[in-house]
Amino acid sequence: MKTLDAGRIGVAGQALGIAQAALECAVAYSQQRQAFGKPISAMQTIQNKLADMECKIWSARLLNWHAAKLKDDGHSFTKEAAMAKLAASETATFCGHQAIQILGGMGYVNDMPAERHYRDARITEIYEGTSEIQRLVIAGNLLKEMVQ
């Protein structure tokens, strides 16, 4: 189980890299793309999407750092690794989706990195245990902790 737990921290790190790349792609495009005489980054809806992406990335990043710290310190980290993997992989998918939304039709073409980020993000929800399995691991550990 420790091998899976450590792997989940690694997958979370990979997912965070994908999420960060999707955010950076969306920010760059939104600052370059003009609509109604100004960059689309000035539009409230685009700003809301970017803010949500940033908040989710930092939340997942902090969970992953916490799980890694527990591992480094020799403590049990099964639940925390599952939480980090779940949060980071779902954040990567969310950010990939939002990047495609911000890029519009350009986000869907193979020439743009947003399409690849979304595709890469989806697999992080599958390997080292699906999101549904992560939820079972988290809930199982939580229920054990609450009984003690």
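In the predicted model, N64 is located in helix α2. The residue is buried, because its relative accessible area of 7% falls under the 20% limit for burial. Apart from neighbours within four places in sequence, N64 is in contact with I9, A12, G13, L16 and A84.

Helix α2, which comprises residues 44-72, also contains L62. In L62 the relative accessible area is 48%; this residue is therefore partly exposed, as the value lies between the 20% and 50% limits. Together with W58 and W65, L62 forms a nonpolar patch on the surface, and the accessible area of these three residues together is about 340 Å². W58 is likewise assigned as partly exposed, because its relative accessible area is 37%.

The count of aromatic pairs comes to one. This pair is formed by W58 and W65 in an edge-to-face arrangement, with a centre-to-centre distance of 5.8 Å and an angle of 80° between the planes.

Helix α3 extends over residues 78-103. At 1.5 Å a residue, its 26 residues should span 38 Å; the end C-alpha atoms are 37 Å apart, and the two values therefore agree. The helix is mostly covered, with 20 of its 26 residues buried. Just after α3, G104 adopts a positive phi of about 65°.

Definitions and conventions:
Residues are numbered from 1 along each chain as its sequence is written. This is a predicted model: local features need pLDDT of at least 70, side-chain atom pairs count only at pLDDT 80 or more; totals for chains, interfaces and linings use all residues. Side-chain values use heavy atoms; hydrogens and water are left out. Patches are made of residues with over 30% relative accessible area and no salt bridge: like charges are joined within 9 Å, nonpolar side chains (Val, Leu, Ile, Met, Phe, Trp, Tyr) within 5 Å. Accessible areas come from the Shrake-Rupley method with a 1.4 Å probe; for residues, only the protein chains shown count as cover. A salt bridge is a side-chain nitrogen of Lys or Arg within 4 Å of a carboxyl oxygen of Asp or Glu. Helices (H or I, at least four residues) and strands (E, at least two) are DSSP runs, numbered from the N terminus. Buried means under 20% relative accessible area, exposed over 50%, partly exposed in between (1.4 Å probe, protein chains only). The expected span of a helix is 1.5 Å times one less than its number of residues. Contact means heavy atoms within 4.5 Å. Rings of Phe, Tyr and Trp (its six-membered ring) pair if their centres lie within 6.5 Å; planes under 30 degrees apart count as stacked, over 60 as edge-to-face and the rest as tilted.
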